Amino acid sequence: MNTTPQGERVHIAVFGRRNVGKSSLVNALTGQAVSIVSAVKGTTTDPVRKAMELLPLGPVLFIDTPGLDDEGDLGSLRVQRTHDVLNQTDIALLVVDAATGIEACETEMLDMLRAKRIPALTVFNKSDLAPPPTTLHAPHSALRTPHSALHAVSCVTGEGIEALKIALAHIIPDGGGARLVADLLAPRDIVVLVTPIDAAAPKGRLILPQQQVARDILDAHAIAVVTQPGELRQALAKLTAPPRMVITDSQAFAEAAAATPPDVPLTSFSILFARYKGDLDALTDGANAVAALRDGDRILVAEGCTHHRQADDIGTVKIPRALQQKTGKALLFDHASGIRYPPDLSQYALIVHCGACMLNRREMRWRIAQAQAAGVPVTNYGILLAHLQGILPRCLSAVRQKKDNCF
């Protein structure tokens, strides 16, 4: 559980005004002094994240946020940081001071949560000092959620903390049953993974998408065979029966497609992530926009993480080079990585996103929705490279044929 990637954890964000006890609540829920607690308003100036395990949800990520009522120019930036956290929130805790009660910022936040369809629990903190209301009158009756009644807690005495954990653990976030590849497999199916070991490969280990796909194959009680592109033909020849599918790194598409017989399904790690965390149809439609690119068009290449870039980096070198060669156009490229996602996407003719192994499903889908709202086609690395190689229909058919006896 400690090594579960951040993008695979349920993101639980804690919202509320300054000094309602958000940081104290995070500390109480995690059983650790994760956030600094002070009587001074505005102690939390940036979102603070803490990974832990919360059964039966499993691995989660708690996010402590700055106060919704922060003031001044700097305070408004902190509030914006808090609002940005909404784009990655799977479950929200809205914390209210039991003595102060509900004010405009709470109802405004509930409106935002409702608009984004984020499951939320309303928590009345400091219940040892003042009893929370047993009923809510309009317009505050909207603070009740379909997931639970109001929760009264005291971070000082511990009252209500365990009950709140139980309530949290029984909320299933959107996409909670999604699988990377296991739903396409039956037990004892053979899957061949093509994983190049080159200058961009991390020393001594596989990259995260390859690790996660291999684990999902094993969870399906299927068999994973791992090889480099140059040994793929020999690996396939040594099998006594054709594999259920071949999954390749997108950068090895040409070699993998040439070595894999036409009757063997072929796809990529990135395409699996497109269906797992994104919107496969929308990202496929985005690849079709390549044909309409013109000289001077601006392309955004976005990644969900920051990493050391090699000389032939896929995002900054290979993707731009492939698009230039395919279109023959003079294109302009911007790059965004990590949490930086431009607020104004209207200037772009196309957005090409990574597989999003470091982002959770909600944030990746929010990024796709932002592109759609701006009228900008969006695709991802694997889908784009398969399209440029002319093998996208083949690669998509591999992930759209489910086994009748799969998990």
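## Close-up views of a predicted protein model

The protein exposes about 18,400 Å², of which carbon and sulfur atoms supply 52%; accessible areas come from the Shrake-Rupley method with a 1.4 Å probe, and for residues only the protein chains shown count as cover. This is a predicted model, in which local features need pLDDT of at least 70 and side-chain atom pairs count only at pLDDT 80 or more, whereas totals for chains, interfaces and linings use all residues. Residues are numbered from 1 along each chain as its sequence is written, and side-chain values use heavy atoms, with hydrogens and water left out.

**View 1. Overall content of the protein.** The protein has 13 helices and 14 strands; helices (H or I, at least four residues) and strands (E, at least two) are DSSP runs numbered from the N terminus. Of its 407 residues, 53% count as buried, where buried means under 20% relative accessible area, exposed over 50%, and partly exposed in between (1.4 Å probe, protein chains only). Among contacts (heavy atoms within 4.5 Å) between residues at least 6 apart in sequence, 76% join residues at least 24 apart.

**View 2. The open sheet S2-S3-S1-S4-S5-S6.** Six strands form this open sheet with mixed pairing; two strands pair if DSSP finds at least two bridges between them. Strand S2 (48-54) and strand S6 (151-152) stand at the edges with a single partner strand each, so one side of each is left without a neighbour in the sheet. Strand S1 (residues 10-16) and strand S3 (residues 58-64) run parallel and are joined by five bridges, with Ala13 opposite Ile63 in S3. Helix H1 (residues 22-30) lies across S1, S2, S3, strand S4 (91-97) and strand S5 (120-125), at about 160° to S3; axes are lines fitted to C-alpha atoms, for helices over the stretch in contact, and angles run from 0 to 180 degrees between N-to-C directions.

**View 3. His151 in strand S6.** His151 is found in S6 and counts as buried because its relative accessibility is 11%. Not counting residues up to four places away in sequence, His151 touches Leu121, Thr122, Val123, Phe124, Ala163, Leu164 and Ala167.

**View 4. Two nonpolar cores.** A nonpolar core is a set of buried Ala, Val, Leu, Ile, Met, Phe, Trp, Tyr and Cys residues joined through side-chain atoms within 4.5 Å. The largest has 76 residues, and those with the most contacts inside it are Val181, Val213, Ile247, Ile271, Ile319 and Leu323. Apart from it lies another core, of 24 residues, among them Leu54, Phe62, Ala167 and Leu168.

**View 5. Helix H9 and its cover.** Six of the eight residues of helix H9 (residues 280-287) are buried, namely Leu280, Ala282, Leu283, Thr284, Gly286 and Ala287. Their cover includes helix H8 (269-277), strand S13 (350-353) and helix H12 (381-389). At the start of H9, a side-chain oxygen of Asp279 reaches to within 3.2 Å of the backbone nitrogen of Asp281. Ile383, found in H12, counts as buried at 0% relative accessibility. Leaving aside neighbours within four places in sequence, the contacts of Ile383 include Leu280, Leu283, Thr284 and Ala287.

View 6. Four of the five residues of strand S11 (residues 298-302) are buried, so S11 is largely enclosed by the rest of the structure. S11 pairs in the parallel sense with strand S12 (residues 332-336) over five bridges, and Leu332 is the bridge partner of Arg298. S11 also pairs with S13 in the parallel sense, over four bridges; here Ile299 stands opposite Leu350.

Terms used. Polar contact = N/O pair within 3.5 Å; in protein donor to acceptor, adjacent residues only side chain to side chain.
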